[in-house]
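User: I would like to learn how to read a structure like this one. Could we take it feature by feature?

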Amino acid sequence: LEGVPWGLKARVTVGAITSMADLLTDVYVTYMFWSDKKYGYFKASLASLAVSIGIQMFAVWIQNRKLGMARVMRDWFPILIGFKPAVDAYRVAKGEKQEAGQSFDALQEMAFMKGAEMFAEAIPGVIIQLMAIATSDKDDVGTSAWLSVAVSAITTGFASATISYDWDTDPGWRKREPNFYGYIPAEASKRTVVFVSMLLLSAGMLLIRCTTIVLLGLMGGSWAFLYIGADLGLYLLVKILRGDFWYWIPLGGNLEILSSILFRVIPKIIVDFTSIAQFRHPNEVGGVYWLFGLALSMVSLPVTIYIASPHVDEGAIDIASFIVKYFILITILCFAVFFLNIERKYLH
């Protein structure tokens, strides 16, 4: 990695370490659910890990299918042992170029992998852990449970901030799309402030949205599915009516249909739970829906507390009220800090 800026090496290395640490904590929590005979939570946690691995393997197959199954299987192995974040971080830090026959470059591949982790592992993991905490006696909730939630939130925030930061500071993308990329300032101190504000914004949004889902789930699973489904359905309808449903990767045939469904739904869910800045791109969710999702998440939790109070145990309401009291304020503050420190010409 000679010649690679120290900041980039440090960021991708820390990102790989935190991603693998999050996987280990998820595995540990899944094991604890099994050992405590909480088999419902155990099955849900195991399913989220399996779906995450499956989506990552599918993305790797799309990436390398034209290079042969031997190459596909070589890149599947790091996924199965939990080492894929480190491999992707190394490739990005090294500046590895896209090979002929590959569907996207190293930076895009890392973004897809992190997105899969957030969608299928981090977000469901936090929901499951918060649900387990909310339905347990206070004396039965150990420090490890809250620590796992905190690690998942910070790791997800770091992954979200890293994706946005790496795409915006990439010289190639700044040259190709100068009206979109370039909002992160050149001054080192401001870059740090912007990165940290994005990290904390995503971590806060994750806790806010997941707590809303938990309360709705405690009222009845249909409430949670209605809340997510109505928003997602409206989003997909808007995409279809605008002729913007097909995803931008030209894979062709039935594979393009499947990839368009996956890659429209997954970024939307990720944006709802993290407000990741990169996905406000018009090729993804778009700026208006990005802002709408942020506002909806902020408003939904207080409204849900009001509706759920007569039907849900006091312990769950106390947790939700704590999130509203502190994390909504912190998240709004981070949102403001972000806009106060980016380049002024990108405020629009």
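User: How many residues does helix α11 have, and what does α11 reach from its first C-alpha to its last?

Analyst: A helix can be checked by setting its span against the expected one. In this predicted model, α11 covers residues 287-308, which is 22 residues, and reaches 31 Å, close to the 32 Å expected at 1.5 Å a residue.

User: Where does α11 bend?

Analyst: At S300, by about 30°.

User: Which residues of α11 are buried, and what covers them?

Analyst: Buried means under 20% relative accessible area. In α11 the buried residues include Y289, W290, L294, M298, L301 and I305. Their cover includes α8 (188-219), α9 (221-241), α10 (253-274) and α12 (314-341).

User: What should I know about salt bridges?

Analyst: Side chains of opposite charge can pair when their charged atoms come close. The structure holds 14 salt bridges. One of them joins K268 and D272, with the closest N and O atoms 2.7 Å apart. K268 and D272 are four residues apart in helix α10, so about one helical turn separates them.

User: Which other residue forms a salt bridge with D272?

Analyst: R209, with the closest N and O atoms 3.6 Å apart. D272 lies in helix α10 and R209 in helix α8, so this pair ties together parts that are 63 residues apart in sequence. Both D272 and R209 are buried.

User: Which residue forms a salt bridge with R91?

Analyst: D75 does, with the closest N and O atoms 3.2 Å apart. The pair links distant parts of the chain, as R91 is in helix α4 and D75 in helix α3, 16 residues apart. R91 is buried at 10% relative accessible area, and D75 is buried at 3%.

User: And what about the surface: which residues form the nonpolar patch?

Analyst: Y28, Y31, W34 and Y39 form the patch, with about 470 Å² of accessible area together. Helix α1 (residues 6-35) gives the largest share, three residues. Y28 is found in helix α1 and is partly exposed, with a relative accessible area of 42%.

Note on methods. Residues are numbered from 1 along each chain as its sequence is written. This is a predicted model: local features need pLDDT of at least 70, side-chain atom pairs count only at pLDDT 80 or more; totals for chains, interfaces and linings use all residues. Side-chain values use heavy atoms; hydrogens and water are left out. Helices (H or I, at least four residues) and strands (E, at least two) are DSSP runs, numbered from the N terminus. The expected span of a helix is 1.5 Å times one less than its number of residues. The bend at a residue is the angle between axes fitted to the seven residues ending there and the seven starting there. Buried means under 20% relative accessible area, exposed over 50%, partly exposed in between (1.4 Å probe, protein chains only). Contact means heavy atoms within 4.5 Å. Patches are made of residues with over 30% relative accessible area and no salt bridge: like charges are joined within 9 Å, nonpolar side chains (Val, Leu, Ile, Met, Phe, Trp, Tyr) within 5 Å. Accessible areas come from the Shrake-Rupley method with a 1.4 Å probe; for residues, only the protein chains shown count as cover. A salt bridge is a side-chain nitrogen of Lys or Arg within 4 Å of a carboxyl oxygen of Asp or Glu.
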